[in-house]
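Here is a set of questions and answers to work through with the structure in view.

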Amino acid sequence: MSSSTPKPLQILNIVSILMFIISLGLVFFYAPREAVMGEAQRIFYYHVPSAWLSFVAFGVTLIAGIAYLRTSDHRWDRLGIASVEVGIVFAVMALLSGMLWARPIWNTWWTWDPRLTTYTILLLIYFAYLMLRQGIEDPDKRARFGSVYGIVGFISVPITYFSIYLWRTIHPAVFGRNESETKMSMEPQMLQTFIFCNIFFMVVFVTLLWHRFRLESNTARVEELRMKASNA
Amino acid sequence: MKSYLQAILAIAHKDLAAEIRSRELVSAMLVFSLLVVLIFNFALDLDKSARENVAAGVLWVTFTFAGTLGLNRTFAAEKDRGSLDGLLLAPVDRTAIYFGKLISTLVFMLLVEAVVLPVFTVLYGISLFNILLFGVILLGTFGYGGVGTLLACMAAQTRTRDVMLPILLFPVTVPVMLGAVRASTGILANAEWGEILTWINILVVYDVIFVAVAVMVFDYLIEE
Amino acid sequence: MIEIHNLTKNFGMKPVLRGVNLTVERGEFVALMGPNGAGKTTLLRIVASLTRPTLGRVRVNSFDLPAHADSVRRVLGVVSHHTLLYGDLTAEENLRFYGQLYSVENLSKRIDDVLNQVGLSKRRHDLVRSFSRGMAQRLSIGRAVLHSPDVMLFDEPHTGLDQEASAMLDKLLKSVAAQGRSVLMISHDLPRSLQLADRVTILSHGKIAYDSPTKNLSLADFAKTYNELAQ
């Protein structure tokens, strides 16, 4: 394993930074002001991609968990934990940006909207995932338990969403769902900006995941060398 | 197959026989449940109509908290005594251990619930004696115990185990909690059957999915 | 019999066993000794099918581990310093429970025999909680032989016993081993191992560093070798 950053990752670093700068330009200067929601709508260019990519991240953890249990190959476990951490970063971004948006538009920081509620529970599941791993010394056991909880946690999310959705639709919501979000008129510049931001976040996701995976691998390698040194 | 069922029943029977002798766990769960019921009454300062609105919620919070108490012991007690190895040394499928433990946990929880229900009926002035409600309690307890048994096995093997279980368990059992509370509220308020049925369906779906998942992954939690 | 070939076990990155070779023949009693942290317990847990080996081959009565763990478990009896008994159950209930797990035939008869053998027939209806350490350990031997295993593993069975109880246990262990069983015992007790076992082995730094028949081996010589290897 070479310790220097691989070429494709170096390229991804630069592409991520460039795309970030371009996205700022697109979001704040290229995309027009939205008629109903005004400036606050611009949050949506960052909010939506970070939200769905966090799901992708936790989905990667699910798949890595299944793969680890089948193969006992620790690289899968490293991918799993790396993806959880990146996923949490994206999820926190999505949650905070959502609250920032909700304040002027829904006139509140928080509603018991199904997506918002499910999302918070989702975050708690992955905080629990991190705490679980912290409480286990044996690396094999840590990997197995992490994999199992990554599977159980992710499977519970759709049922949680559905049950909270039902709860809110059957019961009168305290704050009526604002329909403007769904029938927002997309002008071509907006759509272009939106697509660009989604690609930008995908690139950032891959870059972060790769970095985090490498960090995990290097930590394991250091551990291995330390073992060798102490046994020599 | 016969020896598989025999092993499940042997494990459940062993837990129940030991509990009948010591009565440590169920009595602790029971006292705790009654305390929760009382504390809710003080904390929410309930009048008659408010009590009717929150009854199902209070009931299920009580059940799940007491359940956590019981779940915390199922594997931790075996682990402390070293007797978990005794189970693992036996030539039985690992899932028999899961089902045996699930059965004993369910019996403990249902026992506690059977005592809490009449007490609750008296204290809150709401009759809870309703066959449908019993069905919902059975489904909700089964789902909670099913996931709980799996995660309790995990938590018992971590450094911070007693603290770990609720943190692992609560976020993934939100649908059970919500489904059970909504179905119970609907039944107590004589709501439309269709509405109640929706929630019962969620409970059934959750129970089936999670017990299936538990069976598939349980091996990985106890082998080294 | 137990055949261990080139057995390696790592915990994470940490090697615990590094190529252990050891055979326990049918009817042979082998003591496995060694300093703390040498990997004795790990080795025993692997043979007991509780821990998976990283590399190498482990066979018990020609069943491979971990592939045929179930078949191995059927022929294996383990006596550990944990009694693996339940204090809130009676002696008989404990045996009945384990008998059901092992699908023992004619269980009630078998329980009678075993209780007789370990000298606890009179205490069969007493809670194990009320037993002395020595009695519990005797019952634990009864538990381990209930399903008539061919291969037995003893993991420091004398831990926590006084002299009298230890002497009684020795007799019982010997009689259990004498029935043509292969026995692998972990122990710290040099004189006791010499007295009980046919062969003594020393595990040091994850390898078998010493292996000798006990016949004609003097305690002084053995103690000297042991102390050198345990450094």
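Q: Read along the sequence, which pattern does chain A follow?
A: The model is predicted. Chain A has 0 strands, and its helices number 6. Along the sequence the pattern is therefore one helix after another, with helices taken as DSSP runs of at least four residues. Written out, chain A reads α-α-α-α-α-α.

Q: What box do the C-alpha atoms of chain A fill?
A: The box is taken along the principal axes. Its sides are roughly 70 × 45 × 25 Å.

Q: How many residues apart are R133(A) and D77(A), whose side chains meet in a salt bridge?
A: The N to O distance in this salt bridge is 2.9 Å. R133(A) sits in helix 4 (residues 114-134) of chain A, and D77(A) in helix 3 (residues 74-105) of chain A. The pair thus links distant parts of the chain. The separation is 56 residues.

Q: How many salt bridges does the structure hold over all chains?
A: The pair R133(A) and D77(A) is one example. Another joins R159(B) to E137(A). Over all chains, the total is 27.

Q: How much area do chain B and chain A bury between them?
A: On the chain B side, 28 residues are in contact, and they meet 29 residues of chain A. Carbon and sulfur atoms carry 77% of the buried area. The area itself is about 2,800 Å².

Q: How many residue pairs are in polar contact between chain B and chain A?
A: The count takes pairs with both residues at pLDDT 80 or more. It comes to 6.

Q: Which element gives the largest share of the side of chain B that touches chain A?
A: Helix 6 (131-155), helix 7 (161-172), helix 8 (174-188) and helix 9 (193-222) of chain B each give two or more residues to this side. By class, the side has 20 nonpolar, 3 polar and 5 charged residues. The largest share is 11 residues, and it comes from helix 9 of chain B.

Q: How much area do chain A and chain C bury between them?
A: Here 8 residues of chain A are in contact with 7 residues of chain C. Carbon and sulfur atoms account for 67% of the buried area. The area is about 540 Å².

Q: How many salt bridges does the rule find across the interface of chain A and chain C?
A: Polar contacts between these chains, with both residues at pLDDT 80 or more, number 0. The side of chain A that touches chain C has 3 nonpolar, 1 polar and 4 charged residues. Even with those charged residues, the salt-bridge count is 0.

Q: Which element of chain A gives the largest share of the side that touches chain C?
A: Two or more residues come from helix 5 (139-170) and from helix 6 (188-231) of chain A. The largest share is 5 residues, from helix 6 of chain A.

Q: What is the strand order of the open sheet in chain C?
A: Strand 1 (residues 2-11) runs antiparallel to strand 2 (residues 14-24), joined by 8 bridges. Strand 1 also pairs with strand 4 (residues 55-60) over 5 bridges, again antiparallel. Strand 2 and strand 5 (63-65) are the edges, each pairing on one side only. The order is 2-1-4-5.

Q: Which residue in strand 4 of chain C stands opposite I4(C)?
A: Strand 4 and strand 1 of chain C are antiparallel partners. The residue opposite I4(C) is V58(C).

Q: Which helix packs on the sheet of chain C?
A: The sheet has 4 strands, and neighbours are turned by 30° against each other on average, direction ignored. The helix touches strand 1, strand 2, strand 4 and strand 5 of chain C. Its direction makes about 120° with that of strand 1. The name is helix 1 (residues 40-47) of chain C.

Methods
Residues numbered from 1 in each chain as written. Chains lettered and ligands numbered in written order. Heavy atoms only, no water. Pairing = 2+ DSSP bridges. Axes fitted to C-alpha atoms, helices over the stretch in contact; angles between N-to-C directions. Contact = heavy atoms within 4.5 Å. Buried area = accessible area lost by both parts, 1.4 Å probe. Salt bridge = Lys/Arg side-chain N within 4 Å of Asp/Glu carboxyl O. Polar contact = N/O pair within 3.5 Å; in protein donor to acceptor, adjacent residues only side chain to side chain. Nonpolar A, V, L, I, M, F, W, Y, C, P; charged D, E, K, R; others polar.
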